[in-house]
Amino acid sequence: MFSFVVNSELFYCRSVYDDQPNAHRRFMEKLDVRIRNHDREIEKMCNFHHQGFVDAITELLKVRADAKKLMGQVSDTNRRLQDAGREVTAQTQEVIRCRVQQRNMATTVEKLQLCIPVLEMYSKLKEQLESKRYYSALKTMEQLENMYIPRVSQYRFCQIMAETLPKLREEIKDVSMSDLKDFLESIRKHSDKIGETAMRQAQQHRTFNSAVQKQVTLSCTKPPYGLNGRTSLHHNGLSPEETADEDDADDEVLTAQDLVDFSPVYRCLHIYTVLGDRETFENYYRKQRKKQARLVLQPQSNMHETVEGYRRYFNQIVGFFVVEDHILHATRGLVTRAFTDELWNMALSKIIAVLRTHSSYCTDPDLVLELKNLIVIFADTLQGYGFPVNRLFDLLFEVRDQYNETLLKKWALVFREIFEQDNYSPIPVENEEEYKAVISRFPFHDAEIEKQHFPKKLPMSQSVPQIYAQVKEFIYASLKFSESLHRSWTEIDDMLRKSTNLLLTRTLSSCLQNLIKKPHIGLTELVQIIINTTHLEQACKYLEDFITNITNVSPETVHTTRLYGLSTFKDARHAAEGEIYTKLNQKIDEFIQLADYEWCMVESDGRASGYLMDLINFLRSTFQVFTHLPGKVAQTACMSACKHLATSLMQMLLDSELKQVTMGAVQQFNLDVIQCELFASSEPVPGFQGDTLQLAFIDLRQLLDLFMVWDWSTYLADYGQPTSKYLRVNPSTALALLEKMKDTGKKNNIFSQFRKNDRDKQKLVETVVKQLRSLVNGMSQHS
């Protein structure tokens with residue numbers, strides 16, 4: 001229907017414009033009918049919805065009346081609620097005021113509780129100062145400053161207290177310093193008596209030691225007394241029966257504490273420590289003691305006339321250092337071992353100079369003998385306190401030095417024979433018995449090797465346990481001479497260590513150096529020597545324990561000489577490392593001599609030369625052997641080999657006897673250099689950073705790239721610039737190689753790839769040669 005109407009209208013519209021007869025009139029009539037129909041439909045719709053609109057307006061008017069009524073009820077309820085809350089508000093304000101008062105009272109009580117302990121501590125401080133308990137007073141001051149006063153620092157009386165405390169500290173410092181000066185004067189007076197007591201007890205020990213040594217042997221007897229850092233002043237070292245035979249057996253054994261009251265120095269040290277001024281006190285004390293040491297070391301002019309003069313001189317020195325040793329161990333830092341060693345070194349030089357001067361005046365043999373005995377007792381006494389006295393025994397042991405020289409010559413032959421018979425390969429062990437036999441002669445322990453099954457190999461060669469055994473035999477031989485001296489075990493220990501040091505640093509070191517320089521020692525042998533010296537170095541601590549077991553002198557409690565074997569074996573290793581570098585370069589030279597380049601070849605073979613591949617394979621296998629060496633040694637050897645290889649290749653290319661080189665030969669040479677660079681980039685030895693190893697071939701690479709690319713314009717334009725692509729190419733080097741290639745231009749046609757413009761290329765070569773010569777001449781004139 002709709003489509004019909006639409007079609008009809010479209011028909012009438014078209015008829016209007018088609019100029020049919022009466023078309024316009026009929027159209028207007030139809031239009032009026034259409035309008036009337038729409039008006040009737042609108043009127044029907046309005047009549048239908050009119051009653052609903054009227055009902056909605058009526059309901060809205062009713063709601064407005066109810067809303068006014070509700071508003072009046074809410075206002076009345078709010079008024080009545082406000083009237084009821086006024087009384088509650090007043091009571092709440094009263095509660096708040098009471099709570100504020102209560103809080104103020106609690107705060108007041110709390111502050112009073114904080115102030116009362118401060119006042120009590122200050123009262124305690126005053127009592128301590130009055131009773132001269134200064135250290136306790138300082139502790140109380142510290143508590144006041146750090147704990148009590150900061151809590152109530154806002155009050156005036158606390159500020160006054162804080163201002164008073166520094167003044168009290170200064171007063172305490174002045175009083176304690178006065179006590180220290182009295183102490184220093186006291187020890188000057190008692191040094192002679194302290195030294196006499198210490199030397200008398202040392203002599204008693206020495207007498208008893210001599211008696212015991214007549215009955216027992218050194219190999220199975222522990223020393224009758226141990227010098228554990230100091231000679232004991234609490235007993236004389238004699239048994240009760242022997243003590244009864246001594247004339248002074250009933251005398252009380254006096255110590256430094258018995259003769260001198262050390263409490264002033266302790267008190268002063270504690271006071272200055274608490275005050276944070278310990279360094280000032282230490283400097284003052286040490287300065288004063290240095291002055292007293294210089295006074296003590298000044299002998300009397302007639303000291304050489306009687307032994308009593310020497311005895312008094314030695315007693316004063318011993319007393320001085322006994323007091324210093326007591327201060328060292330009792331105060332923990334007032335004097336240090338370095339300070340006492342410095343004092344002793346100064347005193348020892350002065351004592352030796354004084355003894356040399358005054359002993360030269362002695363003409364009585366008995367006096368010289370008594371002086372010698374005094375020197376021995378003096379040395380024994382101070383050695384018991386940890387002071388080195390080796391220089392005092394030099395005059396007594398001149399014969400021992402000659403004996404040691406003889407032993408050193410004999411053991412040099414023994415070491416050489418051991419080195420000659422060694423096969424320089426790891427020790428093979430087939431079973432548990434062989435393994436135990438080796439470790440019984442040499443202290444070797446390796447958890448990984450112990451876990452391996454038999455048969456297995458130990459890293460060192462046969463010479464290591466033999467050398468270790470021979471060093472022990474030398475110690476026994478040196479000990480035999482020491483036995484006849486009837487000296488203390490500490491002296492014997494010192495002599496053994498010195499003799500062993502000579503054996504290691506002179507004899508064994510010389511044998512190792514000579515062995516390393518022998519021509520038949522190859523790379524494998526040198527690597528084994530480095531491994532051997534490493535194990536011998538690790539065994540030095542066992543040699544020290546071996547000497548300690550003989551003498552029973554603990555290295556932890558006595559200032560003993562250390563073995564210098566570590567430096568000996570390190571020097572030997574360094575020499576072996578240097579020889580490895582040399583021999584490795586020699587081996588590279590041998591491979592280079594096998595090179596047989598066809599310098600006139602037209603084209604390359606397309607693969608690297610056989611000699612170079614053999615050389616690289618040799619280097620790879622060699623550096624695999626170096627895995628047992630320290631990383632730095634292997635890296636240095638690798639870098640040295642690469643640099644030497646690069647230098648040798650460069651020299652081969654620029655050899656003056658080589659007259660002609662073709663481009664094909666250059667290409668073949670480039671293939672060899674590429675293999676060298678690949679070898680360097682493969683990290684044959686771990687630890688190199690980036691392309692560090694490849695830089696060894698950078699000169700060759702830039703030179704070959706210049707000729708392979710034929711980039712002369714870039715080279716000449718950028719020459720002398722730090723950013724030049726061919727910075728490492730020297731004009732003289734480029735000229736030398738270009739001259740060799742120029743001479744073969746006609747015969748070998750090196751520019752065959754440019755056949756169309758041969759003549760232009762020839763001119764270019766001549767131009768480049770001229771420019772290179774000008775650069776070379778310029779460099780010569782500049783130099």
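Pro-455 sits in the loop between α14 (447-451) and β2 (456-458); helices (H or I, at least four residues) and strands (E, at least two) are DSSP runs numbered from the N terminus. The peptide bond leading from Phe-454 into Pro-455 is cis, with omega near -5°. The model is predicted: local features need pLDDT of at least 70, side-chain atom pairs count only at pLDDT 80 or more, and totals for chains, interfaces and linings use all residues. Residues are numbered from 1 along each chain as its sequence is written, and side-chain values use heavy atoms, with hydrogens and water left out.

Most residues other than glycine have a negative phi, and most peptide bonds are trans. Tyr-424, in the loop between α12 (398-421) and β1 (427-429), has a positive phi near 55°. Tyr-424 is buried at 8% relative accessible area, where buried means under 20%, exposed over 50% and partly exposed in between (1.4 Å probe, protein chains only). Trp-710 also has a positive phi, about 60°. Its place is the loop between α23 (698-709) and α24 (712-718), and its relative accessibility of 14% counts as buried.

Trp-710 is one of the residues in contact with Leu-738; contact means heavy atoms within 4.5 Å. Leu-738 belongs to helix α25 (residues 731-743) and is buried, with 1% relative accessibility. Leaving aside neighbours within four places in sequence, the contacts of Leu-738 also include Phe-707, Trp-712, Val-765 and Leu-772. Val-768 is another contact of Leu-738; the two are 30 residues apart along the chain, and their C-alpha atoms are separated by 8.9 Å.

Helix α3 (residues 134-148) has 15 residues and reaches 19 Å from first to last C-alpha, close to the 21 Å expected at 1.5 Å a residue. The expected span is 1.5 Å times one less than the number of residues. Buried residues of α3 include Tyr-134, Leu-138, Met-141 and Tyr-148. Seen down the axis of α3, its buried residues fall within an arc of 160°, so they line one face of the helix; the arc is that of the directions from the helix axis to the C-beta atoms. An α-helix has 3.6 residues a turn, so residues three or four places apart point the same way.

The 12 residues of helix α18 (residues 540-551) should span 16 Å, and the end C-alpha atoms are 17 Å apart, which agrees. Among the buried residues of α18 are Cys-540, Glu-544, Phe-546 and Thr-551. Just after α18, Asn-552 takes a positive phi of about 60°.

Leu-526, in helix α17 (residues 523-538), is buried at 0% relative accessibility. Apart from residues up to four places away in sequence, Leu-526 touches Ile-516, Ile-521, Ala-576, Glu-579, Ile-580 and Lys-583.

The whole structure holds 19 salt bridges, a salt bridge being a side-chain nitrogen of Lys or Arg within 4 Å of a carboxyl oxygen of Asp or Glu. The table gives some of these pairs.

| Pair | N to O distance |
|---|---|
| Lys-290 and Glu-342 | 3.5 Å |
| Glu-579 and Lys-517 | 3.7 Å |
| Arg-573 and Glu-537 | 2.5 Å |

Arg-573 in helix α19 and Glu-537 in helix α17 are 36 residues apart, so the pair links distant parts of the chain. Arg-573 is buried at 12% relative accessible area, and Glu-537 is buried at 15%. Glu-579 counts as buried at 12% relative accessibility, whereas Lys-517 is exposed at 54%. In the remaining pair of the table, Lys-290 is partly exposed at 25% relative accessible area, and Glu-342 is partly exposed at 44%. A network of salt bridges links Asp-76, Arg-79 and Arg-80.

Phe-53, Val-54, Ile-57 and Leu-61 make a nonpolar surface patch of about 360 Å². Patches are made of residues with over 30% relative accessible area and no salt bridge, with like charges joined within 9 Å and nonpolar side chains (Val, Leu, Ile, Met, Phe, Trp, Tyr) within 5 Å. Leu-61 is located in helix α2 (residues 23-130) and is partly exposed, at 48% relative accessible area.

The protein chain comes to 27 helices and 2 strands. Of its 783 residues, 41% count as buried. The accessible surface of the chain is about 44,700 Å², of which 52% belongs to carbon and sulfur atoms; areas come from the Shrake-Rupley method with a 1.4 Å probe, and for residues only the protein chains shown count as cover. Among contacts between residues at least 6 apart in sequence, 79% join residues at least 24 apart.
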